[in-house]
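User: I am new to this structure. Please show me how to read its main features.

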Amino acid sequence: GKFEHASNFTNHKVELQSGDTIYMFSDGYADQFGGIKGKKLKSGNFKKHLSLIQTSSLNEQKTMLEEHFHQWRGEFEQLDDVCVIGLRIK
């Protein structure tokens with residue numbers, strides 16, 4: 001993206017342990033309109049869904065994320081790219 005007043009990045013170190021799952025994602029999933037009221041899913045709801053499914057295998061999570069997204073979107077047009085990457089530490 002483009003920012004009028006760019007600022008420097010801050011590096012953070014996180015200790016990961018075996019079995020941890022980390023996610024990287026674009027804003028496309030959370031910004032999708034849908035549901036009964038035709039509103040955005042929003043990042044908090046997306047993160048709650050990730051928390052609910054994170055103990056499943058990554059293949060199962062992929063299926064659950066796709067089903068959840070299509071159920072949320074319903075008849076609304078997909079507005080943006082959707083990228084979700086999950087990594088499980090061995």
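The dialogue below goes through the core, the aromatic pairs and the charged side chains.

Analyst: This is a predicted model, in which local features need pLDDT of at least 70 and side-chain atom pairs count only at pLDDT 80 or more, while totals for chains, interfaces and linings use all residues. Residues are numbered from 1 along each chain as its sequence is written, and side-chain values use heavy atoms, with hydrogens and water left out.

User: Which residues make up the largest nonpolar core?

Analyst: A nonpolar core is a set of buried Ala, Val, Leu, Ile, Met, Phe, Trp, Tyr and Cys residues joined through side-chain atoms within 4.5 Å. Buried means under 20% relative accessible area, exposed over 50%, and partly exposed in between (1.4 Å probe, protein chains only). Here the largest core has 8 residues: Tyr29, Ala30, Leu41, Phe46, Leu50, Ile53, Leu65 and Phe69. Helices (H or I, at least four residues) and strands (E, at least two) are DSSP runs, numbered from the N terminus.

User: How is a pair of aromatic rings described?

Analyst: By the distance of the centres and the angle of the planes. Rings of Phe, Tyr and Trp (its six-membered ring) pair if their centres lie within 6.5 Å; planes under 30 degrees apart count as stacked, over 60 as edge-to-face and the rest as tilted. This rule gives 3 aromatic pairs. One of them, Phe25 with Phe46, is edge-to-face, at 4.8 Å centre to centre and 85° between the planes. Phe25 is in strand β1 (residues 21-25) and Phe46 in helix α1, 21 residues apart. Phe46 is buried, because its relative accessible area is 0%, whereas Phe25 counts as partly exposed at 36%. Tyr29 and Phe69 form a tilted pair, with 5.1 Å between centres and 55° between the planes. Phe25, Tyr29, Phe46 and Phe69 form one aromatic cluster.

User: How many salt bridges does a search of the whole structure find?

Analyst: Side chains of opposite charge can pair when their charged atoms come close. A salt bridge is a side-chain nitrogen of Lys or Arg within 4 Å of a carboxyl oxygen of Asp or Glu. The search finds 1, between the side chains of Lys62 and Glu66 (3.0 Å, N to O). Both residues lie in helix α2, 4 residues apart, about one turn of the helix. Glu66 is partly exposed, with a relative accessible area of 38%.

User: Is Asn59 buried or exposed?

Analyst: Asn59, in helix α2, is exposed because its relative accessible area is 65%.
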